[in-house]
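Biologist: I'm new to this one. Could you show me the model and walk me through it?

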Amino acid sequence: MKSKAILIASVAALALVSCSKKETGPETKSSAAAARAEAGSPLDAPFRLKDSEPVDVDALFSLLPDEARPSYASAKFDEKIGATVVTDLRIEDRDPTDEVVFDGLAIDRAELYGLDMAAIDRVKAVQGMKADAPFEKIFDKVRLFGVKPIDPKEDGGASIGAVELDQFRVRQGGFKDDEEAHKSAAWFFNAFDLAGLYFKDFEAGGAAEDNSLKFKAPDLRLVGLGGGKLGAIIAKDFDYEVAQSAEARAALAQQMGGPAGAILSGPLRGFIA
């Protein structure tokens with residue numbers, strides 16, 4: 001049996017906005033617009049960064065370990081948009097000792113706006129990150145187009161038409177490999193902030209034994225990420241589908257038992273599983 005729900009109609013939007021006044025990341029022109037449910041995706045609007053300079057892509061990628069260093073077909077500065085454009089970008093994990101099996105991602109086109117290598121050096125130069133250490137802006141914007149697993153069978157054939165990372169900042173000392181500090185989730189979320197993370201045409205689906213979950217997110221936005229808080233989530237036309245076999249539902253009802261088991265095996269089960 002399958003139960004399918006269209007959570008948001010074609011012109012409706014679900015917006016969950018944080019009531020906290022605490023800063024949840026930098027604000028940009030794009031993020032201010034993205035926080036409005038009635039507005040279109042920032043990815044629908046052209047972007048141009050004035051007075052920008054080319055990014056040395058090889059120097060950027062050299063900061064990563066050899067086994068995780070991306071490859072690409074070409075990198076060229078586009079003066080019309082003020083971005084370094086990288087084509088056929090492939091991000092792979094070539095570490096044979098890694099317990100996590102990850103073939104990597106293929107990206108048709110990446111646009112890098114305002115990446116500041118000097119800021120990266122300043123972040124790395126600090127030994128130990130203080131909780132209130134100043135932020136360094138690493139880049140103004142990164143846009144990725146045609147994102148998909150290198151192995152089509154991985155992650156249920158997930159794909160993203162486009163994704164944008166809007167103004168990413170890191171605290172001085174936030175890149176250091178401090179094992180004790182990294183044990184704390186609070187330390188991790190305090191180390192960086194982001195004006196927004198925006199997706200277009202995000203599709204994913206996977207199956208585990210007799211269960212499966214698929215979803216489509218034509219327009220998904222996470223606005224204002226910082227300090228472990230999120231300013232807003234906006235999803236337009238979000239659609240998901242859950243499938244379970246009769247055997248899987250019966251086993252779940254038996255495990256739950258009591259009133260919960262009765263609901264899962266009764267006439268209301270279609271609303272849940």
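Modeller: Gladly! In this predicted model, let's begin at the start of α3, where a side-chain oxygen of Asp 116 comes to within 3.0 Å of the backbone nitrogen of Ala 118.

Biologist: Which residues of α3 are buried?

Modeller: Ala 119, Ile 120 and Val 123 are; the word is used for residues under 20% relative accessible area.

Biologist: How do you know that the buried residues line one face of the helix?

Modeller: Looking down the axis of α3, they fall within an arc of 105 degrees, so they share one face. An α-helix has 3.6 residues a turn, so residues three or four places apart point the same way. The buried residues of α3 pack against α2, β6 and β7.

Biologist: And what is the lining of the largest pocket like, by class?

Modeller: The lining has 25 nonpolar residues, no polar ones and 1 charged. Leu 64, Ile 91, Phe 139, Val 142 and Leu 165 lie nearest the pocket's centre. Leu, Ile, Phe and Val all count as nonpolar, so these five belong to that class. The space in this pocket is about 1000 Å³, and β6 gives the largest share of the lining, 5 residues.

Biologist: How is the lining of the second largest pocket divided?

Modeller: Into 5 nonpolar, 5 polar and 6 charged residues. The volume of the second largest pocket is about 320 Å³.

Definitions and conventions
Residues numbered from 1 in each chain as written. Predicted model: local features only at pLDDT ≥ 70, side-chain atom pairs only at ≥ 80, totals over all residues. Heavy atoms only, no water. 1 Å grid on protein atoms, 1.4 Å probe; cavity = no way out; pocket = protein on both sides within 12 Å on 5 of 7 lines; lining within 4 Å. Points joined across faces, edges and corners; volume = space filled by probe spheres on them. Helix = DSSP H or I, 4+ residues; strand = E, 2+ residues; numbered from the N terminus. Buried < 20%, exposed > 50% of the residue type's maximum accessible area, 1.4 Å probe, protein only. Arc of directions from axis to C-beta. Contact = heavy atoms within 4.5 Å. Polar contact = N/O pair within 3.5 Å; in protein donor to acceptor, adjacent residues only side chain to side chain.
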